[in-house]
Amino acid sequence: MGKAVEFVKINKYFPGVHVLKDISFSVEEGEVHALLGENGAGKSTLLNILHGVYTKYEGEVKLHGQKVNFKNPNDAILNGKISKVHQETMVVEELTVGQNVTLGYEPKKGVFVDFGKMNREVDAILQELNCNFKSSDLVSTLTAGGKQMLAIAKALYHHSTIISLDEPTASLTLKETEALFEVVKKLKKNGVTILYVSHRLEEIFQICDRATIMRDGEYIQTLNVKETTREELIHAMVGRSVSAVASRLKPSPKTDEVVLKVENLTDGHHFRDVNFELHKGEILGFFGLVGAGRTEIMRTIIGADRKIGGKIFLKGKEVTGNWNTTKALKAGIGLLPEDRKTQGFMKQFTNYDNIAISSLEKNLTAGFLDQGKKLKNAEYFFEELDVHPRKPDYLTVNMSGGNQQKVILARWMSTDVDVIIFDEPTKGVDVAAKAEIYRLMEELVEEGKSLIVVSSELPEAMGLSDRLLVMSEGRITAELTVREEYNSDTILDYAIGGNEE
Ligand SMILES: Nc1ncnc2c1ncn2[C@@H]1O[C@H](COP(=O)(O)OP(=O)(O)OP(=O)(O)O)[C@@H](O)[C@H]1O
C-alpha cells in the first residue's frame, strides 16, 4: 500500500512563535492514524496545513505521492479529495440535509437544482452510513451526532479518500459514538484513510492502527497501537509519567451544611422532579450520558434557563424573582459551561483579562483595576495548569483549543463564588492538565468551596466525586454515597435507565 499523506520537514510560524518544527512523517493509505499530543502541541495547525486553511508554511505536503499546496479548504476537498470533519462543522440549519451535503455543488437539470437527484444521491450515502435521517430532513432537527454524520456524508459526496476527524466524539452520546466507530471501520474497509485527533485515549485503542505523537511542535514518534500501552502513549506525549486516572489524594472536608438545595425542579422539557442537596466542602458528581439533562439543570440553577416548577435554595434562602446569571454570581454561584467556545471567553480580550472577568473585585486596588494583580493571578494559573504558551498577555483566541479551556477554568477557579459548577471540566483537555485540574479542585474544596462536577467520563465522575448522582433521560436514577462502593457496571446501568430505583 502507498502513502496517503506525507509531511516533509513542515515548519510553521505565527508572529513570535515557531509552532511546527521540522515535522516529517507519513500516513498509509487505508489506515486509521491517530494524531496525539498535549494541548498546544500543534495538531490542529498541522491539520490546517493539510486541509488548505493555512497556505503559508515551509516544507512539503504530498497526497498519494503528489506534492500539493491547496489555496483553501474547498480547493482541498475538490482537487485533493481530502475533507476535515470537526466539532464546529458549518451547517445551515434552515436547509435540508441534502442541500447542506451538496451545497455549492448541487446536481443540476439545466440551470435548476435537480432535487430528485440530490435526494437520491444523498440518501444513498446516508444509507451507507446507517443514518436514521433522510436527505429531505431539515438540519435543525439533527443531533450533534447527526451533524457529524452529515459532515462525513459531505466528504463522501465529494469522493474524499482522506478524512480527518478532529475530536469527533466530544459531544456524542454513547450510541452515536458506537455508530461513528462503525462508520470509521467501514470507510477503512473501503480504502479511505482516516486521521484521528482525540484526547480520549481509550478511543485510540478501539479504532486506530498507528499513532503519531507530537510534543511542543515537534515530531516525537509513530507507534503501532496494538504494540503500545496507554502508559507508553502518555509518556511519549507528555515526556514523563502522568497518572491518567482521576483519583483523590485527600478526603473532602465535607460538612452537613447545605449550600444548595434543589426541590422538584422541572423545566418541562429536558428534566423533571429533580431533587438534591450540595454540602459545603464536597465534590458532588453528576454522571449521565450526553443528553441526560445535566447541563440544562445546571443552567437553570444559575438562572441561564427558566424552570416551570420546583424550588432552588442557595444557602438556605429560596431563589425567587427574576433570577439570572448576574444575580447568581453575586449570590456566590457560578457555572463553567460545557460549550466554552461560544459561552466561554471574549474574543478581543487577553488571557489575563479573560481570567479576571468574573473576579474583578479581587483585582481592585483603591477602587481601580490593578493590572499587576490580574497578571499575577493569571501567571499563577498558567503555571498550575501548565498553559502553553506561558503568555498571559496573548489573545485567548490565538491559543489552542485545550489551552483556551484552561484559561476559562482559571477564571472560575479565581472567582469569589463558593459554589462552582463544572460542566465537563476536562473536555478537550490533555491528560497532564486533567491531573492538574483534579488537584486544583481538591484545593478548592479544602478552601471551603463546594463543587458540582458534571461528567460523561465515568472514570472521572467516579474518581473525583464524594457523592455521585446518576441521571438518565431527565431524571436522577441513583445516588451513590459511599465512594468505595462505586461500581462502573451498576452506574452505567443507572445511566442507561435500565436499573431505575
Ligand atoms: N493564530 C495564531 N496566532 C498565534 N499563535 C497561534 C495561532 N494559532 C495557534 N497558535 C499557537 O500554536 C500552538 C499550537 O496550537 P494547535 O491549535 O495546533 O495545538 P493543538 O495540538 O491542536 O492543541 P489542542 O489539543 O489544545 O487543540 C499553540 O501554542 C497556539 O497558541
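1. Lys9 first: with 12 C-beta neighbours inside 10 Å, Lys9 counts as exposed. The scale behind that word runs as follows: a residue is buried if 20 or more other C-beta atoms lie within 10 Å of its own, exposed if 12 or fewer, and partly exposed in between, with C-beta atoms placed from the backbone. Lys9 sits in strand E1 (residues 3-14), and its phi is positive, about 45°, although Lys9 is not a glycine.

2. A word on what you're looking at. This is a predicted model, in which local features need pLDDT of at least 70 and side-chain atom pairs count only at pLDDT 80 or more, while totals for chains, interfaces and linings use all residues. Residues are numbered from 1 along each chain as its sequence is written.

3. Two other backbone spots to check by eye. Glu424 also has a positive phi, near 50°, and is a residue other than glycine. Glu424 lies in the loop between strand E21 (419-423) and helix H15 (431-446), and it is buried, with 24 other C-beta atoms within 10 Å. Then there's the peptide bond from His388 to Pro389, which is cis, with omega near -10°. Pro389 belongs to the loop between helix H13 (371-384) and H14.

4. On to a sheet. An open one is formed by 4 strands in the order E14-E13-E16-E17, with antiparallel pairing; two strands pair if DSSP finds at least two bridges between them. Strand E14 (274-279) and strand E17 (317-318) are at the edges, each with a single partner strand, so one side of each has no neighbour in the sheet. Strand E13 (residues 258-266) and strand E16 (residues 309-314) are joined by 5 bridges in the antiparallel sense, and Leu260 stands opposite Leu314 in E16.

5. His279 lies in strand E14. With 17 C-beta neighbours inside 10 Å, His279 counts as partly exposed. The C-alpha atoms of His279 and Lys315 are 9.8 Å apart, although 36 residues separate the two along the chain.

6. Strand E15 (residues 283-288) is mostly covered, with 6 of its 6 residues buried. Ile283, Gly285 and Phe287 point one way and Leu284, Phe286 and Gly288 the other, all of them buried. E15 runs parallel to strand E22 (residues 450-455) over 5 bridges, with Leu284 opposite Ile452. Another 5 bridges join E15 to strand E23 (residues 467-472), again in parallel, and there Gly285 faces Leu468.

7. What about burial in E6? In strand E6 (residues 82-86), 4 of the 5 residues are buried, so the strand is largely enclosed by the rest of the structure. E6 and strand E9 (residues 162-166) run parallel and are joined by 5 bridges; Val85 has Leu165 as its bridge partner in E9.

8. Helix H5 (residues 144-157) has 14 residues and reaches 20 Å from its first C-alpha to its last, close to the 20 Å expected; the expected span is 1.5 Å times one less than the number of residues. Of the 14 residues of H5, 13 are buried, so it is largely enclosed by the rest of the structure. Just after H5, His159 takes a positive phi of about 55°. In helix H6 (residues 174-189), the buried residues are Glu176, Thr177, Ala179, Leu180, Val183, Val184 and Leu187. They fall within an arc of 160° seen down the axis, so they line one face of H6; the arc is that of the directions from the helix axis to the C-beta atoms.
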